[in-house]
Amino acid sequence: MAGVGAGGDPREPPRNLQGLLEMAVAATGPQTEHREPMGEERQRWLRAAVAEAMGGAGQEVEELRRCLEVLARPCPGEEAAERGPGETAPHERALEVLAELCESLDNATDFCALGGLEVVLGLLGHPWAPLRAGAARVVGACAQNLPGAQGRALALGALPALLECLRGDPDPRVPPPRPLCYLLLGACSSRGPGPVWALQSPQAPLRARAAFLLHSLLREHPHLKEPLCRLGMVPQLVALLRTEHDGAHEHILGALCSLASDFPRVIRECRVPDLRLEELLRERRCLLQGREEFQEELEFCERLLQLCFETPTEESTMDR
């Protein structure tokens, strides 16, 4: 578990009773009034309480291990959908427990350290819907509480797997927008792996693929606009448009169009004078006109100009 003992970083949780007591003393600060020494009975009670708390943390790690051992066992394949939940009940229960445990930051950290993401991600494509749904919930809990888990899940291919679930899962019990949203939010940080980070890659094919993924995601799942907007997606994408022109720019413009469509907040952000987006779009339109290979990019450019700068203000900024 994360933490240090006595004499360590005071921001970290203590590992033992001595560290906990020192943290408590430091938190209360110097006392001017006289206090009686803690009685023996009170000390025994405090030791018992701390031992129970510390022991509980260890028990949770063991529970994580137990659940992962269950998931590592063979699980019914295609026939599970016909035979019902009896064959998969232990796996379903293990996923439920993991999702609950991983709501804790420490547990999510331990889960990832134990290789849990590798185990759970393999169930995102399982033919039995409750297992797909349970796996998505566990991924979402980890991605929500542990930024490092976001990058690890993305590196293991979680984002395409979740997108596939969203794109065509026939069972309503498999709704993974939360894990997808948290993965995307983590991915869009320039400090970690994911679509926007990949857009800054020196490899042009990777930039184009990442831009296409982001554009497709926004087009298919408009509920992600709000969290992406809060993350500062608009200025990030505009900054990328100012880089040397390549195949990614078409999809960056497409992503901006998807963000701005029916979303007045993004339109207002695009109009911020410091971005100088209108000037950039008009220059880009001149550059692309008459070049057939850039026809789609030109259409996105013109669409964004129309949405953000050629529509009356009272219509485009009206709150819905």
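The model is a predicted one. Colour the chain by secondary structure, and the assignment comes to 19 helices and zero strands. Among contacts with a separation of 6 or more, 68% join residues 24 or more positions apart. With the surface displayed, the protein chain exposes about 17,200 Å², and carbon and sulfur atoms supply 53% of that area.

Next, select residues 277-288, which form helix α17. This helix has 12 residues and reaches 16 Å from its first C-alpha to its last, close to the 16 Å expected at 1.5 Å a residue. Within α17, show the side chains of Leu-277, Leu-280, Leu-281, Arg-284 and Leu-288, the buried residues of the helix. Then turn the view to look down the axis of α17: the buried residues fall within an arc of 95 degrees, so they line one face of the helix. In general, an α-helix has 3.6 residues a turn, so residues three or four places apart point the same way.

Gly-290 follows α17, and its phi is positive, near 85 degrees.

Finally, move to helix α15 and select His-251, which lies in it. His-251 is buried because its relative accessible area is 14%, under the 20% cut-off. Leaving aside residues up to four places away in sequence, His-251 touches Ala-208, Ala-211, Phe-212 and His-215.

Key:
Residues are numbered from 1 along each chain as its sequence is written. This is a predicted model: local features need pLDDT of at least 70, side-chain atom pairs count only at pLDDT 80 or more; totals for chains, interfaces and linings use all residues. Side-chain values use heavy atoms; hydrogens and water are left out. Helices (H or I, at least four residues) and strands (E, at least two) are DSSP runs, numbered from the N terminus. The expected span of a helix is 1.5 Å times one less than its number of residues. Buried means under 20% relative accessible area, exposed over 50%, partly exposed in between (1.4 Å probe, protein chains only). The arc is that of the directions from the helix axis to the C-beta atoms. Contact means heavy atoms within 4.5 Å. Accessible areas come from the Shrake-Rupley method with a 1.4 Å probe; for residues, only the protein chains shown count as cover.
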